[in-house]
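Dear colleague,

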Amino acid sequence: MTFWRTAIQSRRTRPALAALAASSLLAITVSNDDLFVRRSLNDIHVVAPRLHFLTGKTLQRLRDGATAPFDFQLTISAGSKNNVIARAVERFVVSYDVWQEKFAVIRMSDFHKWGMNASPNAAETWCVDNISLPALKLPPGQDLWARLEIRSVDQKGQSSPVSDSGISIISLVELFSRPPRPQQDHWTLETAAFHVDALKQQ
Amino acid sequence: MQSATPMKSVLLPLVAAVTLWGQSADQDLPGQHLLDESPAARSSNSSANEAPAADSSTDINVNSKYIVASIRFVGRSYQLSRAALEEMHRLVGARVNTDELNKLTTHIKNELRAHAVNFKLDRGDQPGSVDVLLEVDKVFDLSIPSFAWNSNEGWAGVGEARATLGSNVFTFDVISDRDSLIEQYAGIQAKFERPVPTTDRVFVAFEFDQYHENYAAATHLALASSESSSSLGAGLYRSRMNFEPSATFLLAKPLTLSVGVSFEELQPDLTAARAESANVVVNTLRYHQSWEDSDAIIQELDAGYNLRAATKLLSSSLGYTRHAASARYHYKNGFQSVEIKLALGLIYGNAPLFERFVLGDSNMLRGWNKYELDPLGGNRLAYSSVTYGYHIMRVFYDAGSVWDQGNPALFKQSVGVGVSSGFGRLQRGAFLLALAFPLRQGHVEPVFIAGMNF
């Protein structure tokens, strides 16, 4: 108790505790065991075998024929976890064919469509697998960390950061720099430190 | 039918995002990358290659290949503005468009002042077609779901307060009805309904009713005659109270089965007499299907069978079994429509007054006086009706008989003419003004009927 009281009252530890509390609120899952890095040709991909974002009400809405968009952000940090050197963002839209009873996903940057599958897990895996960063531009020999953030997109009642005339980069950066809204589903996963030159080509 | 504007609003930012995040359009790498976070680099990246123009025909919903066969509300009907109805009509027959459906639900949400309106796609009758089901989540709602006025019988009406909390629906009705039963009753009805968690095919409900009764002089007189009341269980009662838990199963798309029990206590008119109980097992099988062969031709079939069996297992002091079957077929072609109704009823044992069959109200064998036909109701029923409609005009012919087992069935007929707000997929709440004439020898005394959803 004394330790915690001292820590809370200390000016030096208070911001750290606040950051810790904020990060624990923001992230549903932050675990080194939940995100892994793999290299495929010239790209860095991540694998999140235990991540499930197509569940609960979202899954029900999908089965009701609605769409479920998700924003993904993959970042790589070098030296320290706060030093982001590479970033990729994607929006994936999942839907469910009410006749064939199968899920379909579309990657909005290039309208790349994924074939149908009856399993929501397969749809989740496809999304994670289809956001990547170029490996060649990552510094070799340095400690790197990959971080994957996913946020559900409220299709109604949310002011969009975009307009017909285009989008500002600040808006997109802000999209993930802002804390998610209370009703917004979100997930954050991080890898353990890795070296890009140690990754085996797959 | 699809609007390109909403799609454009979705696609443009993504096109811009590809550019702004420094990923040239011809690169095959997935994702929109930013490899340098410095403002200078951002500026440089933002002027990178143009992304390919988005294909506005691409719909992000895999169901966009299907045709909307119908749009309807789940659970109950709502009165909507002409603009909202036109918007719904516009979407029927077109391919599924998520943006347009979202616009429609927002429109309806604002119009009904609902907490939320969501759409649900269900497989249509034809392969490649879907039905759009609109679920209105209204936290609190006051309405008059039905009323009727009959120049013979007087008023009947229901005032309803409805609260929705998540998937829980609480309904509180105030009812006054001099029309549909032999008894004239007024009271309250409280109901709680919700789907069973983990499945959307089973709903449970708990209902509590409390009514107070009055009787016409003809009923009092008839009851005094022991001959006519031989099949009547219990005498006149001044109040009745009912508790009814039930579960409804969606067996297949057009077929539902409701099972439950009803514990009904009847307080006799004479305070010294013992209270009677009519505790019954209730089963209802219902079939509802509609077909749309073209824009002009619509067919609808609604059929049901209801069984109420009072049993000693539920400590019922009355013993009886009540069977009731009904069917309604509606055919509409352009401005013309035909509706056929059939109803059959059978009671074994001694059922109380509220269970007995009635004809001659505002709905069945219109124009006749129910007390004249049978002031205590009957334990046998046969009824049919044909209505022809052209635009809002209606003419109808009713025929039927209500009688007691062992007595002859005397068939009565009536005809009528009136105006109605019309049949329709989207306007189930039909308003009817009609003059009905009982067909009999001697004088003709027309009966005026006005009502909605009765």
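Predicted model: local features only at pLDDT ≥ 70, side-chain atom pairs only at ≥ 80, totals over all residues.

B:Asp131 is buried, at a relative accessible area of 4%. The side chain of B:Asp131 meets that of B:Arg72 in a salt bridge, with 4.0 Å from N to O. Because B:Asp131 belongs to strand 4 of chain B and B:Arg72 to strand 2 of chain B, the pair ties together parts that are 59 residues apart in sequence. B:Arg72 is partly exposed, with a relative accessible area of 25%.

Strand 4 of chain B (residues 129-137) is mostly covered, 8 of its 9 residues being buried. Strand 2 of chain B (residues 67-73) runs parallel to strand 4 of chain B and is joined to it by 6 bridges; B:Phe73 has B:Leu134 as its bridge partner. Strand 3 of chain B (residues 116-123) pairs with strand 4 of chain B in the antiparallel sense over 8 bridges, and B:Arg123 is partnered there by B:Val130. Strands 3 and 4 of chain B form a hairpin with 5 residues between them, and B:Gly128 in the turn has a positive phi of about 85 degrees.

**Other salt bridges**

Over all chains, the structure holds 27 salt bridges. One of them links A:Asp97 and B:Lys65, whose closest N and O atoms are 2.9 Å apart. A:Asp97 lies in strand 4 of chain A (residues 84-97) and B:Lys65 in the loop between helix 2 (39-46) and strand 2 of chain B, so this pair joins two chains. A:Asp97 is buried, with a relative accessible area of 0%, whereas B:Lys65 is partly exposed at 36%.

B:Arg440 forms a salt bridge with B:Glu372, the closest N and O atoms being 2.4 Å apart. In chain A, a network of salt bridges links A:Lys81, A:Arg147, A:Glu149, A:Arg151 and A:Glu190.

**A nonpolar surface patch**

Chain B also carries a nonpolar patch on the surface, with about 940 Å² of accessible area together; among its residues are B:Phe335, B:Tyr388, B:Met393 and B:Phe431. Strand 16 (380-390), strand 17 (393-403) and strand 19 (431-439) of chain B each supply at least two residues of the patch. Strand 19 of chain B gives the most, with 3 residues. B:Phe335 lies in the loop between strand 14 (320-333) and strand 15 (336-349) of chain B. The relative accessibility of B:Phe335 is 52%, so this residue counts as exposed.

With kind regards

How values were computed
Residues numbered from 1 in each chain as written. Chains lettered and ligands numbered in written order. Heavy atoms only, no water. Patch = residues over 30% accessible without salt bridge, like charges linked within 9 Å, V, L, I, M, F, W, Y side chains within 5 Å. Areas by Shrake-Rupley, 256 points an atom, 1.4 Å probe, with all protein chains shown as cover. Helix = DSSP H or I, 4+ residues; strand = E, 2+ residues; numbered from the N terminus. Buried < 20%, exposed > 50% of the residue type's maximum accessible area, 1.4 Å probe, protein only. Pairing = 2+ DSSP bridges.
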